[in-house]
Amino acid sequence: MPEPVAARSDYDSHRLRLVDGVALTPAGFVAPGSLPDPHTPQLSTSLHGADGFRLLVHEVAEVAPVRLSRLARLEAKALRLHELLQTIVIEALMMLEALPEDASFDVLLSAPLRSREAADLLQSQLRQAIEETQYGEALGDIYQQAPRPDPHDSLSVGEHGGMPWVLWFSVDSLLNAEDVNALERGRRLGQSTRGAGLYPGEAVSALLIQRLLPEETAAAPGWLLGRATTQEHAARAGQRERDRRRALQTLLAQAWPVGDDNTQQETPTRMVVDALGLPGRAVEVGGALVEHWPELDMIEDGLGIDQFCGWPGGAVNALAWVLLMASLQPSEHGVVLGIEPETTTRVWSLLACAEATAQAGSHS
């Protein structure tokens with residue numbers, strides 16, 4: 001039997017190789033080459049806005065039944081997160097077939113849990129599911145953390161090190177009074193008596209990712225993900241439309257890799273945007289694309305996560321990668337645009353590994 005791979009701490013902190021990904025959303029199951037139609041929100045039976053009317057929400061129709069009632073007592077939405085995880089775990093473990101024979105892997109659970117006991121329960125359930133398969137002996141650490149803006153920070157190993165491969169689960173559900181109230185306080189909740197806004201949703205994703213060493217070229221199938229190109233700015237609501245559009249054009253030019261001959265590479269094939277439903281966001285993105293990448297049609301080539309399956313809260317970033325991978329051919333490139341924060345814009349370039357250039361990991 002091959003010796004297990006030891007944990008390392010010298011991975012390239014600016015590059016990740018995305019190998020495979022699946023997700024469960026209110027629109028349905030998402031996998032490479034399988035992208036369902038957008039989901040139509042439904043009236044909630046229990047959630048109401050401040051205006052007293054029932055809220056439109058995006059809910060996953062069927063989840064695995066779970067008999068762990070103490071989870072709900074530990075934290076309000078912990079049981080729902082567990083149900084979503086258990087519904088996707090089999091499909092997630094099937095992705096491990098892509099691992100090399102002697103590979104070892106870590107499991108990361110990104111879930112907005114405040115209860116340590118609830119987090120430990122979810123981790124123990126994941127460990128049990130993996131140990132019942134042939135991959136149990138290759139399992140390294142299982143750890144949980146709150147969602148972070150950039151996956152490179154989520155998957156960093158620090159001095160304790162980590163395995164070359166990671167199975168990353170990301171889950172959240174906003175179909176509860178606490179999260180709805182948070183959206184309402186921030187005046188971001190979509191309601192019948194208010195215009196643009198976000199409709200509460202939920203999602204769970206699983207991604208198989210390779211941590212790369214500095215000398216590795218990532219020539220195997222998959223997509224190379226560099227760090228986000230980030231722009232901090234004044235609040236969107238206080239800026240003129242023209243200024244927002246020009247600032248986004250500048251950021252797109254900075255984020256998209258430049259070829260060896262110092263010329264711009266081809267236009268990305270697809271784009272995923274996190275929150276087009278917030279005030280002014282669709283105009284901001286549409287105007288910037290028309291002027292910067294006229295070949296990229298947001299209607300034909302783009303996807304807004306909030307319009308596809310509702311706002312999934314902390315699960316939004318991992319879901320963005322799965323949605324983009326599902327809509328790309330193996331040799332195609334794409335972009336993820338994060339415009340939900342009021343004072344921050346982020347752009348990630350997802351490059352097919354066979355086409356990826358050395359510049360892909362240079363943005364920070």
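This is a predicted model: local features need pLDDT of at least 70, side-chain atom pairs count only at pLDDT 80 or more; totals for chains, interfaces and linings use all residues.
Trainee: Where is confidence lowest and where is it highest in the protein?

Mentor: Helix 1 (residues 69-74) has the lowest confidence, with a mean of 87, and strand 7 (residues 165-173) the highest, at 98. That is pLDDT, the predictor's confidence in each residue, from 0 to 100. Helices (H or I, at least four residues) and strands (E, at least two) are DSSP runs, numbered from the N terminus.

Trainee: And the protein's mean pLDDT? What is it?

Mentor: The mean is 90, and 92% of the residues reach 70 or more. Over residues 356-364 the pLDDT is below 50, yet this stretch has 22 contacts (heavy atoms within 4.5 Å) beyond near neighbours in sequence.

Trainee: Switching topic, how much space lies in the largest pocket?

Mentor: About 490 Å³, as the space filled by probe spheres set on the grid points, which are joined across faces, edges and corners. Of its 26 lining residues, Trp 311, Gly 313, Gly 314, Val 316 and Glu 340 are the closest to the centre. On a 1 Å grid over the protein atoms alone, with a 1.4 Å probe, a pocket is an open set with protein on both sides within 12 Å along at least five of seven lines; lining residues have an atom within 4 Å of a point.

Trainee: Which helices and strands each supply at least two lining residues?

Mentor: Helix 5 (177-185), helix 10 (316-327), strand 13 (334-338) and strand 14 (344-352).

Trainee: Is helix 10 mostly covered or uncovered?

Mentor: Mostly covered: 12 of its 12 residues are buried, meaning under 20% relative accessible area (1.4 Å probe, protein chains only).

Conventions. Residues are numbered from 1 along each chain as its sequence is written. Side-chain values use heavy atoms; hydrogens and water are left out. Buried means under 20% relative accessible area, exposed over 50%, partly exposed in between (1.4 Å probe, protein chains only).
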